[in-house]
Amino acid sequence: MGVTVAVLIDAPLEKVWQAAADLATHVEWMADAERIVFQTPQRAGVGTRMEVLTRIGPFTITDEMEVTGWDPPHQITVRHQGLVTGEGEFRLDPVAGGVVFTWSETLHFPWHLGGPVGVSLTQPLFRWIWRRNLTRLRERLTRV
């Protein structure tokens with residue numbers, strides 16, 4: 001499954017990067033992320049590993065992730081290594097009027113979660129959740 005969502009955030013690139021790079025605070029703007037537990041002493045940069053308790057409606061899953069790319073102030077990539085596997089990316093692109101924050105994910109479900117069919121069926125839901133999360137981040141960063 002490949003899902004990409006993006007929002008324009010009317011804030012300086014450094015401010016948006018600071019929010020994206022502060023992995024511990026993602027639970028504050030990601031409605032589906034309930035808890036982040038770091039598995040490494042480091043909390044930023046390539047090699048950072050974490051478990052994210054994710055809840056979507058009545059369903060919960062522990063998403064095991066490792067940061068595989070860290071290019072300040074433009075990009076963070078992760079590899080999902082748990083029950084659900086795949087790759088995710090946050091990309092920050094400065095434009096007139098702020099920063100375009102793009103969130104892309106390519107996920108793979110195991111057979112007992114529907115495999116490729118389960119992925120296809122959940123694509124619209126993930127797109128809606130991730131767009132809502134980015135909207136929450138935008139609101140957080142642009143409050144006066």
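Predicted model: local features only at pLDDT ≥ 70, side-chain atom pairs only at ≥ 80, totals over all residues.
View 1. Strand β6 (residues 85-95) runs antiparallel to strand β7 (residues 98-108), and 11 bridges join the two. V95 stands opposite G98 in β7.

**View 2. The salt bridge between E28 and R140.** The side chains of E28 and R140 meet in a salt bridge, with 2.3 Å from N to O. Because E28 lies in the loop between α1 and β2 while R140 belongs to helix α2 (residues 115-142), the pair ties together parts that are 112 residues apart in sequence. E28 is partly exposed, with a relative accessible area of 42%, and R140 is also partly exposed, at 31%.

**View 3. The salt bridge between R79 and E66.** In this salt bridge the closest N and O atoms of R79 and E66 are 3.3 Å apart. The pair links distant parts of the chain, with R79 in strand β5 and E66 in strand β4, 13 residues apart. R79 counts as partly exposed at 32% relative accessibility, whereas E66, at 19%, counts as buried because the limit for buried is under 20%.

**View 4. The cis peptide bond at P73.** The peptide bond from P72 to P73 is cis, with omega near -10°, and P73 is found in the loop between β4 (59-71) and β5 (75-81).

Key. Residues numbered from 1 in each chain as written. Heavy atoms only, no water. Helix = DSSP H or I, 4+ residues; strand = E, 2+ residues; numbered from the N terminus. Pairing = 2+ DSSP bridges. Salt bridge = Lys/Arg side-chain N within 4 Å of Asp/Glu carboxyl O. Buried < 20%, exposed > 50% of the residue type's maximum accessible area, 1.4 Å probe, protein only.
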